[in-house]
Amino acid sequence: MNPKASTFRAATEAQIRSKVQMVLKNETAFGVLSTGEKIAVAFVLDRPDLVQKAWGTMLDAVDRLGLEWTRAALEVQRNLVWQQEELA
């Protein structure tokens, strides 16, 4: 991965991670996120109900999110699961 793409991925992951933390603290904050942020947060939290609120079907949501954001959301989710297991 080239440095520019790596920087973009890291920034995207950080943005998604901060929105996930915000929604975990206060679920009503979900309503103020952009559509892409809502979809990413819903995927990271494994909340299909939130995906439907944000966009509709799961596949339409993946299409709307795009490849780079989907990959970043997946990475955030993998790290979130790992962190939760470590704290348990």
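Buried residues, those under 20% relative accessible area with a 1.4 Å probe and only protein chains considered, account for 33% of the 88 residues in the protein. By the same definition, exposed means over 50%, and partly exposed lies in between. The accessible surface, computed by the Shrake-Rupley method with a 1.4 Å probe, comes to about 5700 Å², and 55% of it belongs to carbon and sulfur atoms.

This is a predicted model, in which local features need pLDDT of at least 70 and side-chain atom pairs count only at pLDDT 80 or more, while totals for chains, interfaces and linings use all residues. Residues are numbered from 1 along each chain as its sequence is written, and side-chain values use heavy atoms, with hydrogens and water left out. The predictor's confidence in each residue is given as pLDDT, from 0 to 100; its mean for the protein is 89, and 90% of the residues reach 70 or more. Among the elements, α2 has the highest mean pLDDT (96) and α5 the lowest (82).

**Helices and core**

The protein contains five helices and zero strands, in the order α-α-α-α-α along the sequence. Helices (H or I, at least four residues) and strands (E, at least two) are DSSP runs numbered from the N terminus.

A nonpolar core is a set of buried Ala, Val, Leu, Ile, Met, Phe, Trp, Tyr and Cys residues joined through side-chain atoms within 4.5 Å. The largest such core has 22 residues, of which Ile16, Val20, Phe30, Val41 and Val44 touch the most other members. At least two residues of this core come from each of α1 (3-25), α2 (35-44), α3 (48-54), α4 (58-65) and α5. The greatest contribution is that of α2, with six residues. In soluble globular proteins, nonpolar side chains tend to be buried together.

Helix α2 is largely enclosed by the rest of the structure, because nine of its 10 residues are buried. Among these buried residues are Glu37 and Lys38, as well as Ile39, Phe43 and Val44. After α2 comes Asp46, with a positive phi near 55 degrees.

Contact means heavy atoms within 4.5 Å. Among contacts between residues at least 6 apart in sequence, 48% join residues at least 24 apart. The table gives the C-alpha separation of each from a residue elsewhere in the chain.

| Pair | Apart in sequence | C-alpha separation |
|---|---|---|
| Gln77 and Val44 | 33 residues | 4.7 Å |
| Glu68 and Thr12 | 56 residues | 8.5 Å |

Gln77 counts as partly exposed because its relative accessibility is 21%. Leaving aside neighbours within four places in sequence, Gln77 is in contact with Phe43, Val44 and Asp46. With residues up to four places away not counted, Val44 in turn touches Ile16, Val20, Ala73, Val76, Gln77 and Leu80. Glu68, at 34% relative accessibility, is likewise partly exposed. Beyond its neighbours within four places in sequence, Glu68 is in contact with Phe8 and Arg9.

**A charge over a ring**

The charged end of Arg64 sits over the ring of Trp55, 5.5 Å from its centre. This description requires NZ of Lys or CZ of Arg to be within 6 Å of the ring centre and within 35 degrees of the ring normal.
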